[in-house]
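Welcome! Try each task yourself before reading on.

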Amino acid sequence: MAENHYKPLPDGLFIEESNIDGQGLFTDKFIHRNTDLGVCHIEMRTYDMDSIIIRTPLGGFINHSDDPNCIKLMKDNKYYMMTCKDIKAGEELFLKYTFYTI
């Protein structure tokens with residue numbers, strides 16, 4: 001039987017209570033600017049061609065900031081999360097929400 005190697009979050013990232021709102025995404029290691037963290041959202045078309053956005057665990061726990069340390073980049077129908085600043089161990093990761101208004 002094949003071994004399952006799926007990991008919902010990249011190495012070094014974890015979910016913890018946030019001072020911003022509910023739970024947030026944190027790191028236990030230094031992450032350099034311009035690091036690709038993986039797929040955070042997937043855009044899917046319904047049968048009537050409406051668009052829906054599916055969050056992965058990476059995208060599901062990240063909180064909003066007007067001064068984020070991560071950005072979303074789209075390729076094909078997937079949004080990848082990349083750091084736009086160096087992030088220190090213990091820091092919370094943030095995105096600027098763009099799919100809806102805060």
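**Exercise 1: a pair of strands**

How many bridges join strand 3 to strand 4, and do the two run parallel or antiparallel?

*Solution.* Keep in mind from the start that this is a predicted model.
- Step 1: Find strand 4 at residues 51-55; 5 bridges join strand 3 to this strand.
- Step 2: Compare the directions of strand 3 and strand 4: they run antiparallel.
- Step 3: Look at the connection. Strand 3 and strand 4 form a hairpin, with 5 residues between them. In the turn, Met-49 has a positive phi of about 70 degrees.

**Exercise 2: positive phi in loops**

*Solution.* 
- Step 1: Recall the background: most residues other than glycine have a negative phi.
- Step 2: Asn-34 sits in the loop between strand 2 and strand 3, and its relative accessibility of 48% makes it partly exposed.
- Step 3: Asp-76 belongs to the loop between strand 6 and strand 7. With 68% relative accessibility, Asp-76 is exposed.

**Exercise 3: the nonpolar core**

Describe the largest nonpolar core and explore the surroundings of Leu-25, one of its residues.

*Solution.* 
- Step 1: Start with the general idea that in soluble globular proteins, nonpolar side chains tend to be buried together.
- Step 2: Count the residues of the largest nonpolar core: there are 14. Those with the most contacts inside it are Leu-13, Leu-25, Leu-37, Leu-58, Cys-70, Met-81 and Leu-93.
- Step 3: Ask which elements give two or more residues to this core; they are strand 3 (36-45) and strand 7 (78-83).
- Step 4: Set aside the neighbours of Leu-25 within four places in sequence, and list what else it touches. Its contacts include Leu-13, Leu-58, Met-81 and Leu-93, and also Glu-91 and Glu-92.

**Exercise 4: an aromatic pair**

Find the aromatic pair in the structure and say how its rings are arranged.

*Solution.* 
- Step 1: Search the whole structure: 1 aromatic pair turns up.
- Step 2: Name its members, Phe-14 and Phe-26, whose ring centres are 6.0 Å apart with 25 degrees between the planes.
- Step 3: Classify the arrangement. Planes under 30 degrees apart count as stacked, so this pair is stacked.
- Step 4: Locate both rings. Phe-14 is in strand 1 (residues 13-17) and Phe-26 in strand 2 (residues 23-27), so the pair ties together parts 12 residues apart in sequence.
- Step 5: Check accessibility: Phe-14 is partly exposed at 27%, whereas Phe-26 is buried at 8%.

**Exercise 5: salt bridges**

Identify the 2 salt bridges and say how accessible their partners are.

*Solution.* 
- Step 1: Take Lys-85 and Asp-67, whose side chains meet in a salt bridge at 2.7 Å, N to O.
- Step 2: Lys-85 lies in the loop between strand 7 and strand 8 (94-95), and Asp-67 in the loop between strand 5 (63-64) and strand 6 (70-75), so the pair ties together parts 18 residues apart in sequence.
- Step 3: Read their relative accessible areas: Lys-85 is partly exposed at 32%, and Asp-67 is exposed at 54%.
- Step 4: Move to Arg-45 and Glu-43, whose closest N and O atoms are 3.7 Å apart. Arg-45 is exposed at 52% relative accessibility, while Glu-43 is buried at 16%.

Definitions and conventions: Residues are numbered from 1 along each chain as its sequence is written. This is a predicted model: local features need pLDDT of at least 70, side-chain atom pairs count only at pLDDT 80 or more; totals for chains, interfaces and linings use all residues. Side-chain values use heavy atoms; hydrogens and water are left out. A nonpolar core is a set of buried Ala, Val, Leu, Ile, Met, Phe, Trp, Tyr and Cys residues joined through side-chain atoms within 4.5 Å. Buried means under 20% relative accessible area, exposed over 50%, partly exposed in between (1.4 Å probe, protein chains only). Helices (H or I, at least four residues) and strands (E, at least two) are DSSP runs, numbered from the N terminus. Contact means heavy atoms within 4.5 Å. A salt bridge is a side-chain nitrogen of Lys or Arg within 4 Å of a carboxyl oxygen of Asp or Glu. Rings of Phe, Tyr and Trp (its six-membered ring) pair if their centres lie within 6.5 Å; planes under 30 degrees apart count as stacked, over 60 as edge-to-face and the rest as tilted. Two strands pair if DSSP finds at least two bridges between them.
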